[in-house]
Amino acid sequence: MTPSPVGQASDEQGDQALAGLSFAVKDNIDVAGLPTTAACPDFAHTPTTTAVVVERLLRAGASLRGKTNLDQFACGLNGTRSAYGAVPNSFDARYVSGGSSAGSAYAVATGQVDFALGTDTAGSGRVPAGLNNIVGLKPSRGLISTRGVLPAAQSVDVVSIFARTVPMALRVLATALAPDPQDAYSRTLPLRTAPFGKAFRFGVPSAPDFCGDALAEAEFGAAVRRMESLGGTALAFDYQPFARAAALLYESALVAERYAAIRSFFDDHADSVMEPVRGIIAQGQKYSAADVFDAQRTLRLIAQEVAPLWERIDCMLVPTAPTHYTIAQMQADPVVLNRNLGAYTNFVNLLDYAALSVPSSIRPDGLPFGVTLIGACGSDWALAELGQRYHQTSGLTLGATGQALPAAEALVPVPVDPLEPRMQVAVVGAHLSGMPLNWQLTERGARLVRHTRTAADYRLYALPGTVPPKPGLVRVPEGTGAPIALEVWEMPTAQYGSFVALIPAPLGIGTVRLSDGAQVQCFVCESEALRGARDITHLGGWRAYMQAIATASAASVTSAA
């Protein structure tokens, strides 16, 4: 990893959402003062400006550690096509790391940085994640500016995010995304803010090909069963139309866009480009403009063909990569084996989908196996919510670090559609983040706004006989209450009615005054329900009460022993 002199930038208007975090960027992304080489020494130049996405991360408080190795000109999915050497797999150095964002994935998997940026045209932000036991978030096209990023195929390129957990990747996405009027492919998208839910449908290829790898086939079977255990219903679909779309990326006139990305350099310095990258890019020189339109039409016809599938499923589940290869195997057969690694990734950007690669298991031979969740354009947050649930059931450690996977986090939908009406509701008990009923909020696309307290004229009671245990909040005369801890959540107004309908008597919704004088809708309790209830006001909140109960229970067990 090339070290960076840039370090951490500051911005008085920034919210410092990434303060204390370190990151690296793939070496086709510009950083002022650092050479951009794209793994080709003769192409190297030192930009005077920094890519928009990197600037946003720096302003949010993240610290840039340096730049990372890649398949030359981001052309490859294996990490061996670099003038600076092959990037090894973080679990077994004999194996490929996956590419083209090989160095970024390796830096995250080995714990050198908290997160890293890659790029993804055909799977470069997913395959390295799957082969290194980390998360690879491939956003919907156009969410993150690519200004300052050397393109591979600009119309379908995205900046991708590597992290060891889904919440970290989503946190970076929330900071990185923003429309950019100077980026021809930037766009503002209506993003889904509701999860797929506890019961969802996921598509699985009817005849998946694992290139003869029985271990990968077994691990994918286990992955399907795990998704079913999360509430999913598997629906088989014909993968052949998606395979035809994938083939267009390199086997049609669409490859001309790779030539267009570096045309001026390539025309004068083709010998400086290593094989097989040179041969792939050179293919783009033979096609006419009419050929490109024909290829685009074919792609649109495939998109029309597969569109009805999305009426039957919420997302797809596919292997991130169908198998693993050693570096020696890849170098002996670099084109065919590289194509195999992209069997389940190449079509995604072409058909304008979102995708998230998550760790799934460690195979019996010690190599990681990952799966990818694929959803419609704009489903980024919903994929992340399901992806975190899946990752939490894996029992895996983080990357190649051996560190334990932390507990699940409440994921804030990002970004909020500014045109979507929303309202705030406060919760004091079982709906708090991490509590048993919090899913009723997140399932409706609610996001946590802040932690605060009520005004000092409330009392809190533990209601008897409630399952799961619930508190009752009651307003009392001034001077007889105390501030009670609560959380304020914001949800789409359209979801509010269904949320309120879930509230059982004697609880209800009323207006509660907060410590700063603001008023918000909140759970309240009928006074009649307080007979036999335990006054827990002195503890200051429901979370403190539940912790006290757990501590007392543990102490009684120890005493009995």
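How many aromatic pairs does the count come to? In this predicted model the count comes to 17 aromatic pairs, where rings of Phe, Tyr and Trp (its six-membered ring) pair if their centres lie within 6.5 Å, planes under 30 degrees apart being stacked, over 60 edge-to-face and the rest tilted.

**View 1. An aromatic pair of phenylalanine 237 and phenylalanine 242.** The rings of phenylalanine 237 and phenylalanine 242 are arranged edge-to-face, with 5.5 Å from centre to centre and 80° between the planes. Both phenylalanine 237 and phenylalanine 242 are buried (under 20% relative accessible area, with exposed over 50% and partly exposed in between, for a 1.4 Å probe and protein chains only). Ring pairs join Phe237 and Phe242 with Tyr239, Trp310, Tyr344, Phe347 and Tyr353 in a cluster.

**View 2. Charges over ring faces.** Lysine 198 lies over the face of tryptophan 439, 4.8 Å from the ring centre, and arginine 226 lies over the face of tyrosine 390, 4.7 Å from the ring centre. The criterion for a charge over a ring is that NZ of Lys or CZ of Arg is within 6 Å of the ring centre and within 35 degrees of the ring normal.

**View 3. Helices H1 and H4.** Helix H1 (residues 52–59) packs with helix H4 (residues 166–176) at an angle of about 110°, their axes being 9 Å apart, and H1 is therefore roughly perpendicular to H4 (65 to 115 degrees; under 35 is roughly parallel, over 145 roughly antiparallel and the rest oblique). Axes are lines fitted to C-alpha atoms, for helices over the stretch in contact, and angles run from 0 to 180 degrees between N-to-C directions. Helices (H or I, at least four residues) and strands (E, at least two) are DSSP runs numbered from the N terminus. Val53, Arg56 and Leu57 of H1 meet Val172, Thr175 and Ala176 of H4, contact being heavy atoms within 4.5 Å. Because 9 of the 11 residues of H4 are buried, H4 is largely enclosed by the rest of the structure.

**View 4. The surroundings of isoleucine 536.** Isoleucine 536 is placed in the loop between strand S21 (534–535) and helix H17 (542–560), and with 1% relative accessibility it counts as buried. Leaving aside neighbours within four places in sequence, isoleucine 536 is in contact with Leu460, Tyr461, Ala462, Trp542 and Tyr545.

Residues are numbered from 1 along each chain as its sequence is written, and side-chain values use heavy atoms, with hydrogens and water left out. As the model is predicted, local features need pLDDT of at least 70 and side-chain atom pairs count only at pLDDT 80 or more, whereas totals for chains, interfaces and linings use all residues.
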